[in-house]
Amino acid sequence: MTKTALPTMLSFSAPDLREQIEALPEGTALIGISTDGRAIAVDLDAECPHVLVCTATGGGSTTVLRSLTAQFLHQGAHALVLDPRRISHLWARGLPTVTHRGNVAGIHDALVGLGEELTRRLDLTDTELDAAPRLIVSMDSANSTLRQLTRYWETFRGEDDPHTSPAVTALEAALWSGRAARVHVILDGTPTTSILGAAPHELFGTIVLARVSANTWQLLAPLTTPAPKPSRHQGRGHVIQHGEVHETQAIWMTDADVVNWLTDPDDPAN
């Protein structure tokens with residue numbers, strides 16, 4: 001297959017890119033452009049409704065989470081942004097349809113609340129659920145966050161309380177039952193079976209990998225081995241969907257791009 005010469009950075013301000021993004025149907029977001037010239041998107045309604053992003057340091061995972069979450073927010077979704085570094089998703093603070101949490105206590109409480117919201121939504125009629133906004137759960141640094149949540153729960157778990165953190169239980173419930181409740185998880189990391197209880201490739205219909213080791217590729221995309229050679233281009237990675245691998249240049253969307261677009265979408269300068 002002939003490769004297309006892509007720019008080393010696919011900026012949100014690139015000609016016609018914003019128009020292409022805004023033309024997508026509700027529930028669909030553009031990840032980037034493949035090296036054979038195709039638009040690579042995630043469709044939350046047609047595929048397994050969650051997205052896994054895993055990159056080495058500097059590989060662009062935070063950028064992909066930001067871009068996808070912003071696109072769904074633009075379509076009317078609400079979002080829960082879990083930012084354990086506290087500074088990776090500053091764009092999310094202050095937006096009216098976004099809840100941003102940056103410490104383990106806040107993340108714990110937010111996920112427990114997510115579990116309650118999931119239960120509520122599963123009891124809605126189809127008509128009531130259609131009227132509910134799509135809910136995006138965007139979790140950065142999932143590996144360390146899940147371990148922190150487990151340790152945090154142990155500090156005050158009572159004798160009669162469950163051994164597993166209710167926050168982790170709520171996240172797992174969202175992964176298994178989210179489609180039926182219009183709840184979708186975009187997760188950065190390599191969630192282990194010991195914490196979430198299922199192989200990652202069974203939970204995520206779209207997997208984005210960049211600069212990962214052969215072992216990580218085998219763990220997250222075992223049906224598409226051998227792993228392709230990683231690209232050193234900033235924002236260049238591989239998207240796995242339906243057992244196919246697409247080398248893709250991801251969209252680069254800055255904090256300012258997101259805030260300006262979401263707060264004043266009709267301004268042509270945004």
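Modeller: A cavity is a set of points on a 1 Å grid over the protein atoms alone where a 1.4 Å probe fits but cannot get out; its volume is the space filled by probe spheres set on those points.

Colleague: How many cavities of 30 Å³ or more does the search of the whole structure find?

Modeller: Two. This is a predicted model, in which local features need pLDDT of at least 70 and side-chain atom pairs pLDDT 80 or more, while totals for chains, interfaces and linings use all residues. Residues are numbered from 1 along each chain, and side-chain values use heavy atoms, without hydrogens and water.

Colleague: How much space lies in the largest cavity, and which residues are closest to its centre?

Modeller: The largest cavity holds about 60 Å³. It is lined by 13 residues (an atom within 4 Å of a point), and Val 64, Val 208, Gly 235, Gly 237 and Ala 250 are the closest to its centre. Strands E9 (206-210), E10 (236-241) and E11 (244-252), taken from DSSP runs of at least two residues, each give two or more residues to this lining. The largest share, four residues, comes from E10.

Colleague: How does that lining divide by class?

Modeller: Six residues are nonpolar, six polar and one charged; Gly counts as polar here.

Colleague: And what lines the second largest cavity?

Modeller: The second largest cavity has about 40 Å³ of space. Its lining includes Arg 211, Trp 217, Lys 229 and His 238. By class, seven of its lining residues are nonpolar, two polar and two charged.

Colleague: What is Leu 68 in contact with, leaving aside its neighbours within four places in sequence?

Modeller: Leu 68 is in contact (heavy atoms within 4.5 Å) with Ala 29, Leu 30, Ile 31, Val 42, Val 51 and Ile 186.

Colleague: Which residues form the covered face of E3?

Modeller: Ile 40 and Val 42 form the covered face, whereas Ala 39, Ala 41 and Asp 43 form the uncovered one. In a regular strand, side chains alternate between the two faces of the sheet.

Colleague: How many bridges join E2 to E3?

Modeller: Five, and the two strands run antiparallel. Thr 28 stands opposite Asp 43 in E3. The hairpin of E2 and E3 has four residues between the strands, and Gly 37 in it takes a positive phi near 90 degrees.

Definitions and conventions: 1 Å grid on protein atoms, 1.4 Å probe; cavity = no way out; pocket = protein on both sides within 12 Å on 5 of 7 lines; lining within 4 Å. Buried < 20%, exposed > 50% of the residue type's maximum accessible area, 1.4 Å probe, protein only. Pairing = 2+ DSSP bridges.
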